[in-house]
Amino acid sequence: MADVLIQSVTKRYGTVEVVPSLNLEIPEGSFTVLVGPSGCGKSTLLRMIAGLETVSDGKIFIGGTDITHTAPSQRGVAMVFQSYALYPHMSVAENIGFGLRLAGMGKSEMEGRVREAADILQLGPLLDRKPKQLSGGQRQRVAIGRAIVRKPKVFLFDEPLSNLDAALRAQMRVELSELHERLGSTMVYVTHDQVEAMTMADQIVVLNKGHIEQVGAPMHLYNAPATPFVAGFIGSPKMNFLQGPKPWASAPQGALIGIRPEHITLSQTGGQWPATVRHVEHLGGETLVHLDSECVGSLTVKVTGDLSAQAGTTLHASPRPEMLHVFTDGQRVSA
Amino acid sequence: MIRIFPRGTLMPFLFACTVALGVLLPLMMMVTISLNPDEQDILVSMGSLKSFIPETVSFQNYIDVWTDPARPFFRYMMNTAIVTVATLLISITINSMAAFVVAQGSLPGNKMVLLFVVATIAVPAESLVLPQLILAGKLGLVDTYVVQILPGIANALSIFLFFQFFSRIPKDLFEAAELDGFSFFQKYRHIALPLSKPVISAVAILQFLEMWNAYLWPVMVTRGPEVRPLTVAMGAFFGTNQRIPWGDVMAFAVSMAVPVILFFLLMQRQFIASVMSSGVKG
């Protein structure tokens with residue numbers, strides 16, 4: 001277990017700078033999620049921590065040791081890949097233990113570690129199988145097992161759940177969180193899925209075009225997004241940004257005002273913004289209503305329970321004023 | 001009405017049958033003549049349908065060929081086997097290593113090296129034999145196994161096939177190995193090589209055929225039966241002014257072809273998988 005310190009790290013491919021000077025502290029034992037859209041540099045940053053990409057400028061420290069130019073296997077990190085990256089010709093047990101064998105570990109100690117990892121991940125009955133005989137979830141567990149046996153200081157996950165179906169993804173999210181609680185290790189997790197970020201992280205790092213937009217606890221980012229980008233990225237469905245010359249009277253001139261779908265109420269009789277229902281999505285426990293308002297443009301409203309509104313009908317939307325997010329010059333000013 | 005041939009398949013079927021006959025007829029003729037002990041009958045019927053139906057069937061030609069002290073068949077076969085197997089083992093090891101360096105290594109200009117290697121496929125082997133012969137003479141290697149093995153080791157086609165295969169192995173696999181502490185050689189030995197069974201089979205079959213049937217180079221560098229291969233020994237049937245013993249020649253040819261057919265049957269599943277995958281996967 002160790003902290004990770006990223007100091008003025010830059011990554012350039014030729015003349016193209018994909019990660020401009022970036023500073024970040026990942027606390028010891030934390031579950032830090034790097035989240036952002038495709039191409040924002042999150043995987044590049046993770047691969048620089050792993051040593052799979054060179055660092056153009058700056059330094060990376062793990063547990064206080066400068067590992068910027070250390071070989072990947074000597075950094076004390078283990079990585080779980082999106083594609084699992086299991087050795088197809090080896091059994092599950094060999095996949096998990098082969099790195100230890102190469103490191104010269106004795107057979108009995110190696111088998112002990114493999115058994116321990118298999119117990120944690122419930123892989124015991126599968127140890128003799130080849131990767132092609134496993135389901136996606138089982139393969140992902142083997143990949144995690146391969147990371148666990150090395151007892152790394154830092155676990156790195158590169159979109160490990162992207163290849164799984166929705167149900168399995170939800171299950172693996174819980175399993176990974178439980179694994180983190182059990183091992184107490186520092187984990188750095190890359191995803192483009194804000195639901196994964198919100199449900200698993202103690203600390204979320206939102207990246208955009210190589211820059212860090214905001215770092216903080218999930219609920220902090222949800223309640224007090226520092227920039228419109230974070231406000232739009234964190235939360236599902238996305239935050240509504242009000243259109244029009246002055247959509248909220250008390251807001252400063254030229255301010256961008258956001259309100260989350262769950263912070264708007266709908267009424268048939270009266271309210272702040274009359275709006276026409278465009279489409280209704282019934283999700284069971286809640287309903288998403290998409291509306292068009294002449295006052296503030298298009299809105300998405302999340303309503304608890306069922307709402308039997310027809311497309312074309314007029315409803316009145318009213319925001320909770322204390323939940324408005326106001327941004328000027330790309331920065332949050334109040335809520 | 002039930003169609004035996006679905007629409008549009010009759011002509012391709014007939015074409016395939018014609019091609020198959022073109023390949024099979026000489027082979028059948030070789031076998032039937034080898035089983036005919038009557039040299040006079042062979043000469044009379046050669047070129048006609050009658051040559052496919054010998055009047056008497058016997059293995060006498062085979063016994064003659066295998067036991068002729070002037071032409072020690074099994075010695076020649078052992079020589080051929082030694083040269084072929086040694087070339088295959090060394091060649092597959094060295095060519096796969098070369099291809100791995102080009103495919104997964106980070107040496108500057110390695111793709112240029114590959115281009116150069118592939119370009120050598122266009123150079124006819126015959127144009128190289130004279131300088132090679134002079135070199136072999138200077139090194140004192142003439143009439144040895146080594147001189148027959150050396151030129152077959154570096155094989156551009158084999159390097160190219162290995163390169164294509166190694167380039168398609170997902171990068172993640174090697175990166176995971178790097179994190180596991182594999183050295184570059186260990187990545188080759190423990191990941192790339194075990195995965196390349198289909199391409200090893202393809203390369204082995206192609207090079208086995210090339211080495212087993214090699215004639216020009218062995219005839220130039222071998223002098224006596226100690227190291228002479230089967231092909232050169234068979235050629236000796238035609239080098240005298242005496243009447244050609246066709247029964248013996250065909251029995252010799254069949255005996256020589258059997259190991260090739262067995263080797264192909266042994267490797268064919270992997271070979272076909274390799275050929276199929278090179279066509280299907282991008």
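**Figure 1. Strand E3 (residues 31–35) of chain A runs parallel to strand E9 (residues 203–208) of chain A in this predicted model.** The two strands are joined by 4 bridges, where strands pair if DSSP finds at least two bridges between them. Val33(A) has Ile204(A) as its bridge partner in E9(A). Strands (E, at least two residues) and helices (H or I, at least four) are DSSP runs, numbered from the N terminus. Residues are numbered from 1 along each chain as its sequence is written, chains are lettered from A and ligands numbered from 1 in the order in which they are written. The model is predicted, local features need pLDDT of at least 70, side-chain atom pairs count only at pLDDT 80 or more, and totals for chains, interfaces and linings use all residues, while side-chain values use heavy atoms, with hydrogens and water left out.

**Figure 2. Strand E9 of chain A is covered on both faces.** In a regular strand the side chains alternate between the two faces of the sheet. Gln203(A), Val205(A) and Leu207(A) are buried on one side of E9(A), and Ile204(A), Val206(A) and Asn208(A) are buried on the other. Buried means under 20% relative accessible area, exposed over 50%, and partly exposed in between (1.4 Å probe, protein chains only). Since 6 of the 6 residues of E9(A) are buried, the strand is largely enclosed by the rest of the structure.

**Figure 3. E9(A) and strand E10 (residues 211–216) of chain A form an antiparallel pair.** Their pairing extends over 5 bridges. Leu207(A) is opposite Ile212(A) of E10(A), and Val206(A) is opposite Gln214(A) of E10(A). The hairpin has 2 residues between the strands, and Lys209(A) takes a positive phi near 50° there.

**Figure 4. An open sheet of 6 strands in chain A has the order E6-E7-E8-E3-E9-E10.** The pairing in this sheet is mixed. Strand E6 (77–80) and E10 of chain A are at the edges with a single partner strand each, so one side of each has no neighbour in the sheet. From one strand to the next, the twist averages 20°.

**Figure 5. Helices H1 (residues 42–50) and H4 (residues 136–148) of chain A lie across strands of the sheet.** H1(A) lies across E3, E6, strand E7 (154–158), strand E8 (186–191) and E9 of chain A, and runs at about 145° to E7(A). H4(A) lies across E6 and E7 of chain A, at about 175° to E6(A). Axes are lines fitted to C-alpha atoms, for helices over the stretch in contact, and angles run from 0 to 180 degrees between N-to-C directions. Contact means heavy atoms within 4.5 Å.

**Figure 6. Helix H2 (residues 92–102) of chain A packs against helix H3 (residues 107–120) of chain A.** The angle between them is about 135° and their axes are 9 Å apart. H2(A) and H3(A) are therefore oblique to each other; angles under 35 degrees count as roughly parallel, over 145 as roughly antiparallel, 65 to 115 as roughly perpendicular and the rest as oblique. Ala93(A), Ile96(A), Gly97(A), Leu100(A) and Arg101(A) of H2(A) meet Met110(A), Arg113(A), Val114(A) and Ala117(A) of H3(A). By class, this contact has 6 nonpolar, 1 polar and 2 charged residues; Ala, Val, Leu, Ile, Met, Phe, Trp, Tyr, Cys and Pro count as nonpolar, Asp, Glu, Lys and Arg as charged, and the others, Gly among them, as polar.

**Figure 7. H2(A) also packs against H4(A).** The packing angle is about 25°, with the axes 8 Å apart. This makes H2(A) roughly parallel to H4(A). Their crossing is right-handed. Val92(A), Asn95(A) and Ile96(A) of H2(A) make the contact with Val142(A), Gly145(A) and Arg146(A) of H4(A). Its residues by class are 3 nonpolar, 2 polar and 1 charged.

**Figure 8. Thr68(A) lies in the loop between strand E5 (65–66) and E6 of chain A.** Thr68(A) is buried, with a relative accessible area of 6%. Apart from neighbours within four places in sequence, Thr68(A) contacts Val55(A), Gly58(A), Lys59(A), Ile60(A) and Arg75(A). Between Thr68(A) and Gly51(A) there are 7.6 Å in space, C-alpha to C-alpha, and the two are 17 residues apart in sequence.

Conventions:
A crossing is left-handed if the near helix is turned anticlockwise from the far one by less than a right angle, and right-handed if clockwise.
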